[in-house]
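These are my notebook entries on one protein chain, written as I looked things up. I begin with the terms and then go on to the chain and one of its strands.

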Amino acid sequence: MTRILQVAGPDDPAIREAASLLCAGGLVAFPTETVYGLGADGLDPEAVARIYAAKGRPATNPVILHVDGLASARALTSRWPVEATALAERFWPGPLTLVLPASEQVPAIVRAGGPTVALRCPAHPVAQALIKAVGRPLAAPSANRSQHLSPTLAEHVASSLGEAVDLILDGGPTEAGLESTILDLSGARPRILRPGPVAPAELAALLGAVDLWKGAVKLGETQAAPGMAERHYAPRARLELVVPGSGLPANSARTAYVAFGQLPPLPDSIRGILLPLDAEAVGTRLFALLHELDDAGFECVVMERPPEDEAWMAVRDRLRRASAKESV
Ligand code: TXA
Ligand code: MG
């Protein structure tokens, strides 16, 4: 059985135990304010290699280093533009990841061989206490098998990674439920690589113009922007996105229908699930709901397309990837 320890707060003795495992090259899953991360000593290439093995993650996909603040982040870069200071002061600790040119200190495996490093200072008190106790940056991707749903509960980590993780710190459900916004500051113009809890308008308010990377790489292709596989975050059930009011699926066995704001009339054979018309609340619930539907054995999840406005961008991104076909 995978070991799971409840953590009540930053002073919990479980954090000291987790820190010694990490210092010895082990893997510890921990809560952040977005999703659970699978942590390893970010300056130890062998420990980071264990993350890749546990997740079944392709070596072409780099990992984020989690730090305790601006000074530690800066030390891991070879160039730190003024925008990075402004962003860190405004959004850290919090769900914003910055991609910057890496210093020589950052192991190649963290960068997947590339010239940049992704840095984030998480807001969760347990994550912060753990980074401080280890005294080094923690490499931590989401604590799930590659391509699968991200974990928002300790139990999700245990069922996805099992024995591959040495210890799971259980801090209860995560708050945001969707992964951090990733902003690339290494090019000529700031560019959002992954939409998340920090909205483009909030970044634009500070930076002026921000580009949004719209591409997606197909599975098996060399990754132009690493980790942006078109199919990602996928539940076991087939996920179909439909225009609200466009009719019900023909085959209704083991099917759930998810609507926003209002449920249409449904036959008894289809389980209706009503989500609020509130992007933040849906973000918090989304992965947990897909986990629950998988666990309950649903084969098909029909979900209405969420609204088109910016507030829903991160939810739309995850749903598009979760519903992408496997073979492309
Ligand atoms: O909220 C989060 O960001 C969570 C928590 C645990 O912090 N972490 C997370 O990590 O979502 P992961 O590995 O599941 O997703 C990180 C994404 C990947 O798509 C990866 O390709 C991208 O960040 N990434 C990492 N380093 C990068 C780099 N140097 N350049 C561009 N993208 C990078
Ligand atoms: Mg992930």
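I call a residue buried when its relative accessible area is under 20%, exposed when it is over 50%, and partly exposed in between (1.4 Å probe, protein chains only). I take helices (H or I, at least four residues) and strands (E, at least two) as DSSP runs, numbered from the N terminus.

I note that this is a predicted model, in which local features need pLDDT of at least 70 and side-chain atom pairs count only at pLDDT 80 or more, while totals for chains, interfaces and linings use all residues. Residues are numbered from 1 along each chain as its sequence is written, chains are lettered from A and ligands numbered from 1 in the order in which they are written, and side-chain values use heavy atoms, with hydrogens and water left out.

Of the 328 residues, 55% are buried.

I then looked at strand β15 (residues 300-304), where 5 of the 5 residues are buried. C300, V302 and E304 point one way from β15, whereas V301 and M303 point the other way. In a regular strand the side chains alternate between the two faces of the sheet.

Lastly I looked up the partners of β15, counting two strands as paired if DSSP finds at least two bridges between them. Strand β12 (residues 238-242) pairs with β15 in the parallel sense over 5 bridges, and L239 stands opposite V301. Strand β13 (residues 255-260) also runs parallel to β15, joined by 4 bridges, with T255 opposite C300.
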